[in-house]
Amino acid sequence: MKTPAIQRFRQKLAADEAVYGLWITLESASVSEMAVALGLDWIVIDAEHGHLDWKDILEHVRATVRSDTVALVRVAELNGALIKRVLDIGADGVVVPWVETAEQLRQAVAFARYPPEGVRGIGAERATGWGQCFVQHTQEANEHVLIVPIIETVTAGRNIRDLCQVGGANLFFFGPADYSSTAGHRGHWEGPGVAAELLAIQDTLRANGKHCGIIATSQENLIERRQQGFRMLGFGLDSGLLLRSLHAALGIVGQDRRILPTLVPETSPLPVTVLPRPPESLRPDSSEVVNERGTNSPAEQKGTQP
């Protein structure tokens, strides 16, 4: 657990500042290293969906050591053994899926805290410096550990006022796709009426002093979500960002295709969207300004080869 990083994370949220991060689904810890190197506030390592095993999760957590990037792990379900193990290997907190009732949230908080406030057992693992800092870690862990429930069902939405009354959880993440599924719109990111429902839930949470998080679906949506009041903002999934970039590059050369459930490429590329005019930087008749010699400040070039 990186207490200073968690404190800075909480301070930003308390000041109504946005904290930006990345959802990790790929096994390479290099992805998390990139997030750290770019100064992201958080990563969520996804151990609910996908193929990450415990060694993969550990390597992602290790990639954030001695950084200001908070490392959270989404566990597969509300389960004391899973939460204990995630925290024992050094995660800064847990993201708990499918939390629908106040009792479930109280249970999640208890699983993440040492007695007498909770039921987390003490182990001689990374979190306690392999047993070398039992006292320091156990004294500060309960106060700083992050417990983030996901609001992803209609039932959770109906119980949101009760969930707000549970201590120990001040940050709630939203899952629009699963929420849409439970609202009868399976396969939609935000089915009919769901967007308005989620915003109403967010309003209730914020009115009770809670913070809300969500994954953005595009750069434009990122700004929109920030304007709506979401403060824990995900740029996307690592795999999704990679695919978004690949689709854009393939589209430029007329080779973009949809990914099918069979993972077999489509035989015909998607239609090419022709730009009405080239970007300004590529136009031969773009206006240019040439400054007189000696009128600009000198610029030092570093790392150039002779």
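A polar contact is a pair of N or O atoms within 3.5 Å, where within protein one atom must be able to donate a hydrogen and the other to accept it, and where residues adjacent in sequence count only if both atoms are side-chain atoms. Such a contact, of 3.3 Å, joins the side chains of Lys210 and Asn170. The structure is a predicted model, in which local features need pLDDT of at least 70 and side-chain atom pairs count only at pLDDT 80 or more, while totals for chains, interfaces and linings use all residues. Residues are numbered from 1 along each chain as its sequence is written, and side-chain values use heavy atoms, with hydrogens and water left out.

Lys210 is found in the loop between helix 10 (194-207) and strand 7 (211-215); helices (H or I, at least four residues) and strands (E, at least two) are DSSP runs, numbered from the N terminus. Lys210 is buried yet has no salt bridge, and the nearest side chain of opposite charge, Asp162, is 12 Å away. Here buried means under 20% relative accessible area, exposed means over 50%, and partly exposed lies in between, with a 1.4 Å probe and protein chains only. A salt bridge is a side-chain nitrogen of Lys or Arg within 4 Å of a carboxyl oxygen of Asp or Glu, and for charge Lys and Arg count as positive and Asp and Glu as negative, His and the chain ends not being counted.

From this loop we turn to the strands. Strand 3 (residues 70-74) has five of its five residues buried, so this strand is largely enclosed by the rest of the structure. Both of its faces are covered, with Val70, Leu72 and Arg74 buried on one side and Ala71 and Val73 buried on the other. Strand 2 (residues 42-46) runs parallel to strand 3 and is joined to it by five bridges, two strands being paired if DSSP finds at least two bridges between them. Within this pairing, Trp42 has Val70 of strand 3 as its bridge partner. Between strand 2 and strand 3 the chain passes through helix 3 (residues 54-63), in a β-α-β crossover that is right-handed, a term used if, with the strands pointing away from the viewer, the path from the first strand over the helix to the second runs clockwise.

Strand 3 also pairs in the parallel sense with strand 4 (residues 93-96), over three bridges, and there Val73 stands opposite Val94. The path from strand 3 to strand 4 leads through helix 4 (residues 80-88), and this β-α-β crossover is right-handed.

Strand 1 (residues 19-24) is mostly covered, five of its six residues being buried. Strand 1 pairs with strand 2 in the parallel sense over four bridges, with Trp42 in strand 2 as the bridge partner of Gly21, and strand 1, helix 2 (residues 30-37) and strand 2 make a right-handed β-α-β unit. Four bridges also join strand 1 to strand 8 (residues 232-237), which run parallel, and Tyr20 stands opposite Leu233 in strand 8.

In the loop between helix 3 and strand 3 lies Ser67, which counts as buried at 11% relative accessibility. Its side chain reaches the backbone oxygen of Thr64 at 2.6 Å, and a polar atom of the Ser67 side chain lies 3.1 Å from the backbone nitrogen of Thr69.

Charged side chains meet elsewhere, and a search of the whole structure finds twelve salt bridges. One of these joins Arg120 to Asp88, with the closest N and O atoms 3.3 Å apart. Arg120 lies in the loop between helix 5 (102-111) and helix 6 (134-144) and Asp88 in helix 4, so the pair ties together parts that are 32 residues apart in sequence. Arg120 is buried, with a relative accessible area of 3%, and Asp88 counts as buried at 13%. Another salt bridge brings together Arg225 and Glu190 at 2.9 Å, N to O. This pair links distant parts of the chain, 35 residues apart, with Arg225 in helix 11 (residues 219-228) and Glu190 in the loop between helix 9 (176-182) and helix 10. Arg225 counts as buried at 4% relative accessibility, whereas Glu190 counts as partly exposed at 27%. Asp16, Arg206 and Arg231 are linked in a network of salt bridges.

Finally, the cysteines form zero disulfides in a search of the whole structure, a disulfide being a pair of cysteine sulfur atoms within 2.5 Å. The sulfur of Cys164 is 8.4 Å from the closest cysteine sulfur, in Cys212, too far for a bond.
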